[in-house]
Each structure stands twice: as structure tokens, then as C-alpha cells.
Amino acid sequence: MRDLLRDAEAGGYAVGAFSVANMECIRGVLAAAEACRAPIIMQIAESRLPHSPLYLIAPMMLAAARHASVPVAVHLDHGKTLGCVREALELGFTSVMCDGSDLPIGDNLSLTAEVVKLAKASGAAVEAEVGRVGKSEEGGEAEEKIASIDDCVRMDGLGIDALAVGIGNAHGLYAAAPKLRYDVLEQLHGRLHASPVLHGGSGLSDEQFRKLIALGMRKVNIATDIFMAQAGACEGTDIFKNIRRSSDAVCAVVTRYIRLFGGEGRA
Ligand SMILES: [Zn+2]
């Protein structure tokens with residue numbers, strides 16, 4: 001992931017980070033990345049693992065990345081426990097997120113420092129979170145919180161590679177158009193080694209995405225739109241037709257986002 005983000009910074013675009021939940025989803029994401037000749041990040045959040053156990057889905061994600069004709073990073077999204085982070089690293093994930101955003105900043109910093117140490121041993125990259133992206137990854141309630149610039153700079157000092165910044169964004173579906181704090185990104189400009197990450201991408205307007213990427217967002221997470229497309233594509237009782245429909249629907253959504261983020265032809 002480190003290499004993909006460095007290239008994105010040099011090229012002024014964002015790498016799409018697409019959440020996957022099953023084989024159909026993985027194949028749809030991969031098909032889009034290859035058709036667009038785009039480097040991408042494939043990820044799964046710790047909160048999704050009851051539905052898609054890591055020991056089953058991780059080998060599939062890693063096999064997809066190895067077989068891909070474009071660069072694919074395999075990432076743990078919203079790692080909440082050191083146990084899960086350790087397991088993802090042992091399985092071969094190329095990056096892990098350590099989400100201590102619901103902890104006081106001091107505890108978030110020490111948890112992240114621990115994860116940086118673990119990841120360094122396997123050469124993997126680390127994403128941390130400062131402020132808070134509203135709602136949990138599975139849609140549970142949580143108040144969004146705007147990141148403090150000082151906290152971002154302190155977190156960056158731990159040697160992380162990517163930083164999720166709370167700017168009024170939220171996971172899941174937005175009930176009302178979010179008021180994004182572009183000024184936070186403006187103030188962070190040039191002050192971080194880590195690449196800023198946008199969570200809660202589903203539901204933002206094309207204009208909002210363009211502006212955020214112009215202000216330095218280099219990784220943009222998409223989950224809800226992918227899962228909704230998959231579910232909406234299925235009909236009738238033919239499982240094999242539905243496997244195909246489901247993959248095709250994911251491919252279409254991911255293709256649209258890769259182009260919007262400027263990732264097409266960058267592989
Ligand atoms: Zn997130």
C-alpha cells in the first residue's frame with residue numbers, strides 16, 4: 001500500500017480502497033481494476049469477520065492480488081484488536097489499519113505505536129485514525145468528530161503511512177448531505193508524511209470527491225455502494241446466474257469510482 005500511495009501522491013490522484021465480503025465481490029473488484037489498468041486496495045474490516053471469517057477470505061483476497069495483472073494491496077480495515085491485526089499480518093496482508101478513534105488520543109497513540117511495531121516486522125504499512133468517522137463500519141451509531149491538527153501531527157510522528165481524518169464524514173448511508181471540513185485538509189497540507197484517507201465515501205457527490213482529492217486525499221474507501229450493488233443485482237433462484245450478476249454489479253460500481261478518483265491507466 002505504501003508504494004501505491006506514494007505513486008498517487010506523485011500523480012495527484014487517489015487509490016480506490018474497495019471493501020470485499022465474498023468471492024463474487026473479490027472477482028468484481030479485480031475485473032474492474034484490470035479493465036481500468038488501475039492499482040487498487042482490496043480490504044475487509046474487522047467488524048465484517050463474523051460474516052466472512054479471515055481464515056477463509058484472506059487467502060482468497062491474497063490469491064486475487066497475486067494473480068492480478070495490476071498492483072493490488074490487501075488491507076485490514078478498522079482493525080480494533082491487536083489479535084486481529086496480528087492474524088492479518090501473519091496471513092500476509094500488506095497493510096493494516098489500527099482504529100483507536102473511540103479511545104482518548106493518548107490511548108489511540110499507544111495502541112497505534114504497538115501496531116506500527118508489529119507491522120514493521122513484516123514490512124507492512126499502517127493506517128491510523130484521528131478524529132472520528134461517524135457510525136461504525138457495520139452502520140452502528142457513533143458521533144462523527146473533527147480531527148485536531150495537533151493530534152494528526154502527533155499520530156504522523158509514529159511513522160504511520162496513512163491517516164484516516166475525521167472531517168464530518170460518516171460510514172453507511174448519509175441521512176443528509178454531509179458538511180465536510182475542507183479546511184482541516186488545507187491545514188494539514190505539507191505537514192504529514194502519511195497520506196490522508198477518506199472513509200465513508202459512499203454517497204458523496206462527484207464534486208466533493210474531486211475537491212477532496214485535489215486537497216490531498218490519496219486513499220478513498222468505498223464499502224456501502226459495493227454491498228448495495230451486490231444485493232440489488234440478485235434475483236430469482238439460479239445461484240450461478242446470481243454469482244455472475246453480483247460480480248458484474250460490483251465491477252460496474254468499482255469502475256465508476258476508479259475513473260472518478262483518477263486511477264485509470266496508472267498501473
Ligand atoms: Zn472506515
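**Strands, helices and one glutamate**

Visitor: How many bridges hold the pairing of E2 and E3, and in which sense?
Guide: E2 and E3 pair over 6 bridges, in the parallel sense. Two strands pair if DSSP finds at least two bridges between them. Helices (H or I, at least four residues) and strands (E, at least two) are DSSP runs, numbered from the N terminus.

Visitor: What kind of model is this?
Guide: This is a predicted model, where local features need pLDDT of at least 70 and side-chain atom pairs count only at pLDDT 80 or more, while totals for chains, interfaces and linings use all residues. Residues are numbered from 1 along each chain as its sequence is written.

Visitor: Back to E3. What is the bridge partner of isoleucine 40 there?
Guide: Valine 72.

Visitor: And how many residues of E3 are buried?
Guide: 8 of the 8, so E3 is largely enclosed by the rest of the structure. Buried takes 20 or more other C-beta atoms within 10 Å of the residue's own, exposed is 12 or fewer, and partly exposed is in between, with C-beta atoms placed from the backbone.

Visitor: What do the strands form overall?
Guide: A closed barrel of 8 strands with parallel pairing, in the order E1-E2-E3-E4-E5-E6-E7-E8. On average, neighbouring strands are turned by 25 degrees against each other, direction ignored.

Visitor: Which strand pairs with E1 over 4 bridges?
Guide: E8 (residues 219-222) does, in the parallel sense, with E1 covering residues 15-19. Valine 15 has lysine 219 in E8 as its bridge partner.

Visitor: Switching to helices. Where does H2 lie?
Guide: H2 (residues 23-36) lies across E1, E2 and E3, at about 165 degrees to E2. Such angles run from 0 to 180 degrees between N-to-C directions, with axes fitted to C-alpha atoms, for helices over the stretch in contact.

Visitor: How do H2 and H3 cross?
Guide: Their axes come within 10 Å and cross at roughly 20 degrees, H3 being residues 54-67. H2 and H3 are therefore roughly parallel to each other; under 35 degrees counts as that, over 145 as roughly antiparallel, 65 to 115 as roughly perpendicular and the rest as oblique.

Visitor: Which residues meet there?
Guide: Met23, Ile26 and Leu30 in H2 meet Met60, Met61 and Ala64 in H3.

Visitor: Now glutamate 127. Buried or exposed?
Guide: Glutamate 127 counts as buried because it has 33 C-beta neighbours inside 10 Å. This residue is in strand E5 (residues 125-130).

Visitor: What is glutamate 127 in contact with, sequence neighbours aside?
Guide: Beyond four places in sequence, its contacts include Ser95, Met97, Asp161 and Val197. Contact means C-beta atoms, placed from the backbone, within 7 Å.

Key. Two residues are in contact if their C-beta atoms, placed from the backbone, lie within 7 Å.
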